[in-house]
Amino acid sequence: MPRNYSKELKKILRSLKREHLSYVFESWDCLANADIEELSESINVRVALDPNTSAYNSILESNTTRKKVIDVICEACQNHGLHKKDIADLDLLSTQVQPDRKRWSVYEVLRDNDVNGDQIRNPDLLCERFGAQLSLHIKHDLCMRVHNRSIWLRVGFEAKGNGFRRNNAMFIVFHPRSPYLITTPVKKKDRAAIFQALLEMLDADDIVESYLTGKHLASLESMTLNKHSQGSFSKYRLNQVDGNPLVKSRGKKRKRSVLDDFNIHTIDENVKDQKRTKDLLDNAFGSNPQPKLQKLEYQMKTRLRGVDLPSNLDIARDPFRCTVEFEGVSVIEGIRELSKVGLASLPLPSHLSNVHSLAKNRFLLADKS
């Protein structure tokens, strides 16, 4: 096995968490159970005789350290023989279980004609059409897998010396029943060829940017696929309203606390304000966790407000241009928390309260003409 493949194999395996190893090994087509059974003896692990339990799980469920498990897999690969496509497929599996390590962008697919739905939902046909078109312009290798009802493509671009570089690959996630696809960044020189191949694959007229980016892939998917059931409407999508009226819920009795007697004599003077805040926030955001966005960007082209200025000054008449950015682990959740503690005025403007339903995190705010 070429040295560079061995090195990349270890890098990918070491980047995986132990709870992800089982799924990755079971899905990876490189090694058979017989290869692992043979090597399991070297670490004194008895492989389960139950046909429903794989040799991989037998090793993972033992007391063997994670490093030793990876060494066993690497040794099995060396004995079995490994190719560039095997490493690319493993890289795709690694990205599927840890998508938050990439930055993703959402695009909308536009079509004017009626497309055969069976054709669009056939993963093998889509992969073949995409690869045939892209090979006309770029040397590449292509891997495809179906994961969580979506089609995943990994496009590896040729590196110097025909080597393998993980950072020289692009990932594409496509939901066949939706007009959206999500991709990792692509080099500017390859962008035109990639999108032309996507147009050919999807039989589409155009692909436009949705101005929605982030690292939390599940949130981006939720915001695009369920944009009309976010905020207070999320309870209907998650079936949190239709309880059985014939079942009387008897909650568990709470133990009495020494603070109960103290709370009887405590008077909250802001009950009405707190109820108003809660109602406004529940109406805007709902009670469920918000989609995770790491950034919100607002380009401002509005007149300066909040300050009385003479009308003859240019700053009072001309748009005031600036960019305002919010950054954090979960910006929408942060806005809700700021409003909850009174650090943001309520009700919030629609460009803050409806971010989850607008399915974008880059906005242009301008005065109405």
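Helices (H or I, at least four residues) and strands (E, at least two) are taken here as DSSP runs, numbered from the N terminus. The structure is a predicted model, in which local features need pLDDT of at least 70, side-chain atom pairs count only at pLDDT 80 or more, and totals for chains, interfaces and linings use all residues. Residues are numbered from 1 along each chain as its sequence is written, and side-chain values use heavy atoms, with hydrogens and water left out.

On this basis the protein contains 17 helices and nine strands. Of its 369 residues, 42% are buried, where buried means under 20% relative accessible area, exposed over 50%, and partly exposed in between, computed with a 1.4 Å probe on protein chains only. Among the contacts with a separation of 6 or more, 71% are accounted for by residues 24 or more positions apart, a contact being defined by heavy atoms within 4.5 Å.

Six of the strands form an open sheet with antiparallel pairing, in the order S2-S3-S4-S5-S1-S6, two strands being regarded as paired if DSSP finds at least two bridges between them. Strand S2 (140-147) and strand S6 (206-214) stand at the edges with a single partner strand each, so one side of each is left without a neighbour in the sheet. Neighbouring strands of this sheet are turned against each other by 25° on average, direction ignored, with axes given by lines fitted to C-alpha atoms, for helices over the stretch in contact, and with angles running from 0 to 180 degrees between N-to-C directions. Strand S2 runs antiparallel to strand S3 (residues 150-157), to which eight bridges join it, and His147 stands opposite Ser150 in S3. Helix H8 (residues 123-134) packs on the sheet, where it touches S2, S3 and strand S4 (169-174), and the direction of H8 makes about 160° with that of S2.

A further open sheet is formed by three strands in the order S8-S7-S9, with mixed pairing. Its edge strands are S8 and S9, each of which pairs on one side only, and the twist averages 15° from one strand to the next. Strand S7 (residues 295-302) is joined by eight bridges to strand S8 (residues 320-327), the two running antiparallel; in this pairing Lys295 stands opposite Glu327, while the bridge partner of Leu296 is Phe326. With strand S9 (residues 362-366), by contrast, S7 pairs in the parallel sense over five bridges, and here Tyr298 stands opposite Phe363.

Among the helices, H2 (residues 18-27) and H6 (residues 84-97) pack at an angle of about 145°, with their axes 10 Å apart. The contact is made by His20, Tyr23, Val24 and Ser27 of H2 together with Leu90, Leu93, Gln96 and Val97 of H6. By class, this contact has five nonpolar, three polar and no charged residues, where Ala, Val, Leu, Ile, Met, Phe, Trp, Tyr, Cys and Pro count as nonpolar, Asp, Glu, Lys and Arg as charged, and the others, Gly among them, as polar.

Helix H9 (residues 188-202) has 15 residues and reaches 21 Å from its first C-alpha to its last, close to the 21 Å expected at 1.5 Å a residue, the expected span being 1.5 Å times one less than the number of residues. The buried residues of H9 are Asp190, Ala193, Ile194, Phe195, Ala197, Leu198, Leu199, Met201 and Leu202. Asp203, which follows H9, has a positive phi, near 50°.
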